[in-house]
Amino acid sequence: MRLSLYGVTKKFFSLRRIITAVDDVTFDVHNGEFFVLLGPSGCGKSTILNLIAGLEKPTKGEIYFDDELVASPEKKVFLSPRERNVAMVFQSYALYPHLSVFDNIAFPLRIAKEKEDTIVKAINDVAEMLGITELLKAKPGELSGGQRQRVAIARAIVRRPRIFLLDEPLSNLDAQLRHTMRTELKSLQKEIGITTLYVTHDQIEAMTLGDRIAVLKDGKVIQVGTPEELYDSPLNTFVATFIGTPQMNLFKAELMEEDGKFYIIFERSKILVPSRRITLGTFRSGQEIIVGIRPEDIELLSTSEGGHFQGKVASVEYLGRELLVHFTTKTSRFNALVSERMVKEGDEIVARINVNSLHLFEE
Amino acid sequence: MQDDTRRGLYNTPKEIAEAVVFALPAILFLVCFLLIPIVGTFVSSFYRDVSYLPREFIFFENFRRIATDSTYWRSVYFTVLFVACSVAIEMVIGIIFSLIMHEAFPGRGILRGIILVPWAIPVAVSARVWELIYNFHYGLANYIVTALGIAGSPINWFGNSVGAFFALVITDVWKTAPFVAIIILTGLQAIPEDLYAQAKVDGTQFMQRFWKITLPLLKPVIVVALLFRTIDALRVFDLVYVLTKGGPGGSTTSVSLYAFKTFVAGDFGYGSAISVTLFIIAWLFSILYIKSSRFLEEVK
Amino acid sequence: MKEERIKRVLLIVGIVLTVSFCLLPFIYMVMVSFAKNADFLSLSSRYVFTVNNYKEVLFNANLHFLDYLKNSAIVSVVSAGVAVLLGSLAAFSITRLPLPFKGLVLFVTLSMSMFPQVSLVGFLFSFMTKLGWINTYLALIFPYIAWVLPLSLWILVSYFASIPRDIDKQAFIDGCSSWQILFKVIWPLARPGIFSTFLLAFIFSFNEFMFALLFTTDHRTRTVPVGIALFQGLHGEIPWGTIMAAATVSTLPIIVLVLVFQRNIIQGLTRGAVKG
């Protein structure tokens, strides 16, 4: 199923003020795509999910499932979740504590008045697929976090929904389990091919799971793209710093044009910017800009070698295979990810940056 | 479905209608058997409404009569005195009970059950038991009083107004102090243990901890219990009706009982006026109670 | 430690005093109910054991004690049952549905539970007389439902509000209607709360005195509290033994309920009376 949102806005009215949780959001999710809504808490991503599910009504805008209009306040259309045939997995899993695993998974089918033998067959299939056949008789209270997770997913896919909505489903699991579930979830989604919308605040989760990602802030969509696009060409400093760990370094510099070529001036250094990096924006000469460079695109050299600017190592973090070096220049602080273990605290160094990976942003 | 903390922009008439349908049966019952009777009582209080005469609108005449009715003022005097004494004693005993129940010891559950028993059984029934306890010749009360040497000779509980008053107060305390204890216990359980540990480290004594930590932190819940009990004691009826019947000589007639007797005597207008005065006082206290118990926060 | 020891002694003394304070009247009640003469505490008498008082109470049809017990049971169970049912519908509407003016509804309901009964009883009496309901179960059941509804509603609202929202969102997505959410999800989850509410509503109905005193006229509808309160001897002397036997029989079920379900009752009470 293809999902489309056009200008969807959601406002909440409390006694004191009006909160715009979702602000003029437009995007498409292709059939069978794994689409991730990524953003910090309070950015409206869960509200968007609820709007798609039919748990909330938009204040403005239209939501389509394929060509079917499912919500539009202007046209007075609003389909309930039942009519939309959506499935959702909550962060808390929302398993019915009074029902066994079997009855939990059977619940939506029984509400839909399916025949009991179809139900049993459907549940056995889905239980096998998720490896929870042994647990069918247990109550949710007796399960571990990972098992509950699987049951919640089983309950969601057993009804063959048109769209699969997941609201931070992995955030209650420990790091190890989260990693395994991530891989499993991805292959499961590819196997059953249901269009999936996944909400998370964890950028690593978004990057590993999503076919495409929408980055949200303050209820607005900032950028939509594949993980590579977001990583390589962030539209602004918010996306740039939100995606990728360790974070991208940002520093202020002046842009200068000379003989048709662009340079950035930073602490008396003049760095040539490859022209393809410039076309992205509408920059002028003499403009104050923000420059971004990812830690892995900085090389640290000893003072005898030639680099772009000088600095002093403030501290060093061992990340196993690599070193994360924090160093300061006259006006800024930088992080660099290096593999050679030759720097230590207090060292004077020269930094050389990979100019092909420079990101320029307007202030 | 909507989030209660935040209101979405629109709910369709259908959804609102459904919400009303769910709430309607309960609201109907409340309106028919609580709200309309109260309004009816207010209306009646402006009428002369006695069984042998036609109903007649007399405006504030009933209330003017109340102002000069010495029996009414005596019932007010008794009720206020009764509320003050019994509620004060209940609070003290209730706090002591709650401190005991809060300690960890084997059989604590049973003790909590036992403490509920006086509260749970009908007042009319326990009042009969206490009536026998207060019996001048062979009741348990006089047996204990003389055996312990508190009084030289048996007390004639119902023979004089002081004895009757204290008989009522003791019985009421017995019945409701446990209830107060249960309420205060919830307040005690909400005090973090860490605070006591910290205070112990700081070198405080047991009683210091009670005065400096327990009591101040219990204050909100004590206020709630106090108001609740005050409202309840203001309405006192069953106990006096069964135990003293308002005697001797009308000295223990509560406002409730006086209004009730006026109704039974067939004077509905005047009885309504008396009960309206009680209603207004109780209602003012209940506003205070609702405010202090933070009830409405749950929904807002 | 010295302080610990003092505290332990104080605690034991406190427990003993508490238990005797609460139970002494009941022990006395039971003793009198089994005594030939109620005056066994006086010097001129002594304790003689007998079960005649119970025989009298249970088998003397003229006392109508079993009628009272039956009336009380029917009236309280029906009132409490209906109050819990209606209360849970309303509590569901208040906690989960877009009911207009829900704050006002709750506020008014709560202040209603503080009404003095005497300011209702006059009007209700003429109302019941007009309906011809005096001395029928209806005259008690209807006012009782309204009388215990505010408390029931409050306790249930508090229980329902503590059930995570995700659960009923999930049920809504699974295709449940509001009725199905209430009966298939909320009810089973709030079962302890619903049970507590029922117990309290039952106790309050069972203990009610003023309405029953005025709206019933004989053994066909009279309830236990009124029956025992009005129990007088035929020939001057009050038959204490019989009264105490009747009191014992009628309070025994309540005592058992309270001891067995103290946890539920305390939970319900504290949710109904205090928040936070």
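Helices here are DSSP runs of H or I with at least four residues, strands are runs of E with at least two, and both are numbered from the N terminus. Chain C has a mean pLDDT of 88, with 96% of its residues at 70 or more.

This is a predicted model, in which local features need pLDDT of at least 70 and side-chain atom pairs count only at pLDDT 80 or more, while totals for chains, interfaces and linings use all residues. Residues are numbered from 1 along each chain as its sequence is written, chains are lettered from A and ligands numbered from 1 in the order in which they are written, and side-chain values use heavy atoms, with hydrogens and water left out. The model scores are ipTM 0.88 and pTM 0.85.

Next, select chain B, whose pLDDT averages 85, with 94% of the residues scoring at least 70. In residues 1-9 of chain B the pLDDT is below 50, and this stretch has 29 contacts in the model beyond near neighbours in sequence, a contact meaning heavy atoms within 4.5 Å.

Now show chains B and C together, where 98 residues of chain B are in contact with 112 residues of chain C. The two chains bury about 9,700 Å² between them, 80% of it on carbon and sulfur atoms; buried area is the accessible area (1.4 Å probe) that two parts lose on being put together, summed over both. For a salt bridge, taken as a side-chain nitrogen of Lys or Arg within 4 Å of a carboxyl oxygen of Asp or Glu, the rule finds one across this interface. Select Lys7(C) and Glu103(B) to see their side chains meet in a salt bridge at 3.8 Å, N to O.

Then move to Arg209(B), in helix α9 (residues 206-234) of chain B. Arg209(B) counts as buried (under 20% relative accessible area, with exposed over 50% and partly exposed in between, 1.4 Å probe, protein chains only), because its relative accessibility is 6%. Leaving aside neighbours within four places in sequence, the contacts of Arg209(B) include Tyr196(B), Thr214(B) and Glu3(C).

Finally, in chain A, select strand β3 (residues 34-38) and strand β9 (residues 195-200), which run parallel and are joined by five bridges. Val36(A) stands opposite Tyr198(A) in β9(A).

Notes. pLDDT is the predictor's confidence in each residue, from 0 to 100. Two strands pair if DSSP finds at least two bridges between them.
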